[in-house]
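Could you walk me through this model, stop by stop, while I have it open in my viewer? I would like to know what to select next and what is there.

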Amino acid sequence: MSTFENVTVTREANIYFDGKVTSRKVTFADGSYKTLGIMMPGDYTFGTEKAELMEILAGELQYRLKGETEWNSIVAGQSFNVPANASFDLQITTLVDYCCSYLD
């Protein structure tokens, strides 16, 4: 889905890692939400409260879930899941456009 309808967008950005990662929250009528963002090249570690689906819209990166030793490569058009209450590492070499869905 390339467009969302009947949503509320939070105007203020979430800004992480000195501005190298930003996102905006999109809230749906049922209360569910996603974030749409951009990540600049760099190495990052994120933590989760809810399970997440990370969809890569443009760019490429490598990710590693907590407890794993191998890196996984992913490019535009692909996605990966992160469990709730976990963390994951990212290695980004090109600008990445992403959509993060928060799952129940």
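Before the first selection, a word on exposure: buried means under 20% relative accessible area, exposed means over 50%, and partly exposed lies in between, with a 1.4 Å probe and protein chains only. This is a predicted model, in which local features need pLDDT of at least 70 and side-chain atom pairs count only at pLDDT 80 or more, while totals for chains, interfaces and linings use all residues. Residues are numbered from 1 along each chain as its sequence is written, and side-chain values use heavy atoms, with hydrogens and water left out.

**Stop 1: the salt bridges.** Two salt bridges are present in the structure; the term stands for a side-chain nitrogen of Lys or Arg within 4 Å of a carboxyl oxygen of Asp or Glu. Select Arg11 and Glu12 to see one of them, with N to O at 3.3 Å. Arg11 is exposed, because its relative accessibility is 66%. Glu12, at 47% relative accessible area, is partly exposed.

Now select Asp89 and Arg64, a salt bridge whose closest N and O atoms are 3.0 Å apart. This pair ties together distant parts of the chain, 25 residues apart: Asp89 sits in strand S10 and Arg64 in strand S7 (residues 60-65). Strands here are DSSP runs of E, at least two residues long, numbered from the N terminus. Arg64 has a relative accessible area of 23%, so it counts as partly exposed.

**Stop 2: around Asp89.** Stay with Asp89 and show strand S10, which covers residues 87-92. The side chain of Asp89 also has a polar contact with the side chain of Thr45, at 2.7 Å. Such a contact is a pair of N or O atoms within 3.5 Å; within protein, one must be able to donate a hydrogen and the other to accept it, and residues adjacent in sequence count only if both atoms are side-chain atoms. Beyond its neighbours within four places in sequence, Asp89 is in contact with residues including Tyr44, Gln62, Tyr63 and Trp71. Contact here means heavy atoms within 4.5 Å.

Stop 3: Next, pick Ser101 in strand S11 (residues 96-103). Ser101 is buried, because its relative accessibility is 5%. Its side chain makes a polar contact of 2.7 Å with that of Lys34. Not counting residues up to four places away in sequence, Ser101 touches Tyr33, Lys34, Ala51, Glu52, Leu53 and Glu55.

Then select Cys99 and Cys100. How many disulfides are there? The count is zero, a disulfide being a pair of cysteine sulfur atoms within 2.5 Å. For Cys99, the nearest cysteine sulfur is that of Cys100, 7.3 Å away. Cys99 is buried at 4% relative accessible area, and Cys100 is buried at 2%.

**Stop 4: Asn81.** Move to Asn81 in strand S9 (residues 79-82). Asn81 is partly exposed, since its relative accessible area is 48%. Glu55 lies 26 residues from Asn81 in sequence, and their C-alpha atoms are 8.8 Å apart. Leaving out residues up to four places away in sequence, Asn81 touches Glu52, Leu53, Leu65 and Leu103.

**Last stop: a surface patch.** Finish by selecting Ile38, Met40 and Leu95, a nonpolar patch on the surface with about 220 Å² of accessible area together. Ile38 belongs to strand S4 (residues 33-39).

Definitions and conventions. Patches are made of residues with over 30% relative accessible area and no salt bridge: like charges are joined within 9 Å, nonpolar side chains (Val, Leu, Ile, Met, Phe, Trp, Tyr) within 5 Å. Accessible areas come from the Shrake-Rupley method with a 1.4 Å probe; for residues, only the protein chains shown count as cover. Helices (H or I, at least four residues) and strands (E, at least two) are DSSP runs, numbered from the N terminus.
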